[in-house]
Amino acid sequence: MHISVIGSGYVGTTIAACFADIGHEVTAIDIDEEIVDTLNDGRAPISEPGLEELIEANIGGRLEATTSYDAVPQSDVTFLAIGTPSNDDGSIDLTALSAAAEATGEALADKDERHLVVIKSTVTPPSITDVLGPAVRNGADGNDAVEVGMNPEFLREGSAVDDFQNPDKLVFGTNSEWATERLENVFEPLTDEDTAVVETDPQTASMIKYANNAFLASKISLVNDLGNICKEFGLDAYEVMGAIGLDDRISEQFLRSGVGWGGSCFPKDVDAIIAAAREEGYDPAVLEAAVEVNDRQPARMLELLEGHVDLEGARIAVLGLSFKPRTDDIRNSRAIPMIERLEDRGAEIVAYDPVAVEPMQERFPDVEYTESAADALEGADGSVIVTDWDEFATLDEEFNAMATPVVVDGRRIIQRREGITYEGLTW
Ligand code: NAD
């Protein structure tokens, strides 16, 4: 099939490269010329394991990138993978996505054959009916050959390619059998007997995505809440959670307590579904508490650090800046409130991350950044571990070069050892 993918960010680039790799003809469309040039050079505009190899193998063949929407009508299906960031009140900002939806509609105004426009972006149920459907239809000047569907994306940054190639579940939200069949055809090469396919309407499909993320974020917050209680009792939360994970109803997944969730999805999506629920007059108390617990975790880490180091004028190493390992994405990374709070206390910050220094430099230009964890630790009065990059697990002698070897671990990646003052956040 010929697929057009609008938006070449984390999701758009991954799905475009993967669709091309499984045999579809793909046009990746982005308004950002730099991104388009990067793709056409055979490089990935974002850091994601395995992605560059797929782009390199397919660009100039089944994958092409452009800033023009001209390829949209020639394609069989269009996926919209545009960012949906938060407004100040937590609701989603649909400006960019609506503009892309309208431009896609315009490109399809004269098309005679049926065409499916699939929203890949995470959007609330009312925004499909009230904003995005109308934007596509207005753009297409009422052309009823154009249909809008929803196919929420569940890939995780850091393992995006693998997640997309091996989905646990696919959710097709459509208004017609024809549209469902079209999605079945698109995803057929990625579907095997282990892939659950949920076929439903677009609004339910969009709610499935929010329910999924709200559930996972709340699970982590609950685990963190319980973990904080364990710490108060002087107990190891990991021992406790290891035991409750043996209960099938709980499962062993997502029981690692720590400095909390971040990234471009959980915070934004939980805020958005809270805002959308409030708009309907409902206050989702559990989700509000999940956000509150999450917001507290960086402050708890600093309290632990302050138990050993006077932060005013102290040199503090922040290890890990991306919101999770194996990505350079710093959106809503827990490193951000950590750095802000350290700055407020008058600490001198020295930070390191294997791939996310550059984006963090733009956000905090006054922080000192180093080329290695060892350099960051050298001469530091204390350190906080914010991201569980594998390379931190092997740090050892490096702690001896600290002025005072105090380590507050937010991810349980460092082994407690002789010669350092070690504090686990919830253990
Ligand atoms: P992103 O910000 O990385 O990428 C969006 C891209 O769209 C950018 O490259 C931007 O230049 C481009 N763009 C903006 N306006 C455009 C227009 N009018 N025409 C063409 N291109 C345009 O966003 P992302 O992280 O890929 O997220 C996209 C959506 O997918 C969001 O709704 C997000 O919630 C959802 N999602 C993200 C993830 C993830 O892990 N990042 C996972 C699942 C779902």
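This is a predicted model: local features need pLDDT of at least 70, side-chain atom pairs count only at pLDDT 80 or more; totals for chains, interfaces and linings use all residues.

1. Apart from neighbours within four places in sequence, Val318 is in contact with Ile339, Leu342, Ile349, Val350, Ala351, Tyr352, Val384 and Val386. Val318 belongs to strand β9. Its relative accessibility is 0%, and since buried means under 20%, Val318 counts as buried.

2. A further pairing concerns Val318 and Ala376. These two residues are separated by 58 residues in sequence, while their C-alpha atoms lie 7.7 Å apart in space.

3. Glu312 lies in the loop between α11 (285–306) and β9 (315–319). Is Glu312 buried or exposed? Glu312 counts as exposed, because its relative accessibility is 60% and the cut-off for exposed is over 50%. Leaving out residues up to four places away in sequence, Glu312 touches Arg345 and Gly346.

4. Two backbone angles deserve a look. Most residues other than glycine have a negative phi. Asp141, although not a glycine, has a positive phi of about 55 degrees. Asp141 sits in the loop between α5 (125–139) and β6 (146–150), and at 69% relative accessibility it counts as exposed.

5. The other angle belongs to Arg412, also not a glycine, with a positive phi of about 50 degrees. Arg412 is placed in the loop between β13 (406–409) and β14 (421–424). With a relative accessible area of 29%, Arg412 is partly exposed.

6. On domains, the protein is divided into domain 1 (2–200) and domain 2 (201–427). The contact between them takes 32 residues from domain 1 and 28 residues from domain 2. The C-alpha centres of domain 1 and domain 2 are 31 Å apart.

7. What is the secondary structure content of the protein? The protein has 15 helices and 14 strands. Of the contacts between residues at least 6 apart in sequence, 72% join residues at least 24 apart.

8. As for overall dimensions, the C-alpha trace spans about 75 × 45 × 40 Å along its principal axes. The radius of gyration is 23 Å, which agrees with the value near 22 Å that a compact globule of 427 residues would have.

9. Burial and surface can be taken together. Buried residues account for 56% of the 427 residues in the protein. The accessible surface is about 18,600 Å², and carbon and sulfur atoms hold 45% of that surface.

10. How many positive and negative side chains does the protein have? There are 30 positive and 84 negative side chains. The centres of the two sets lie 6 Å apart.

Definitions and conventions
Residues are numbered from 1 along each chain as its sequence is written. Side-chain values use heavy atoms; hydrogens and water are left out. Helices (H or I, at least four residues) and strands (E, at least two) are DSSP runs, numbered from the N terminus. The radius of gyration is taken over C-alpha atoms; the globule rule is 2.2 Å times the number of residues to the power 0.38. Buried means under 20% relative accessible area, exposed over 50%, partly exposed in between (1.4 Å probe, protein chains only). Contact means heavy atoms within 4.5 Å. Accessible areas come from the Shrake-Rupley method with a 1.4 Å probe; for residues, only the protein chains shown count as cover. Lys and Arg count as positive and Asp and Glu as negative; His and the chain ends are not counted. The place of a charge is taken as NZ of Lys, CZ of Arg, CG of Asp or CD of Glu. Domain bounds come from an automatic or database domain assignment.
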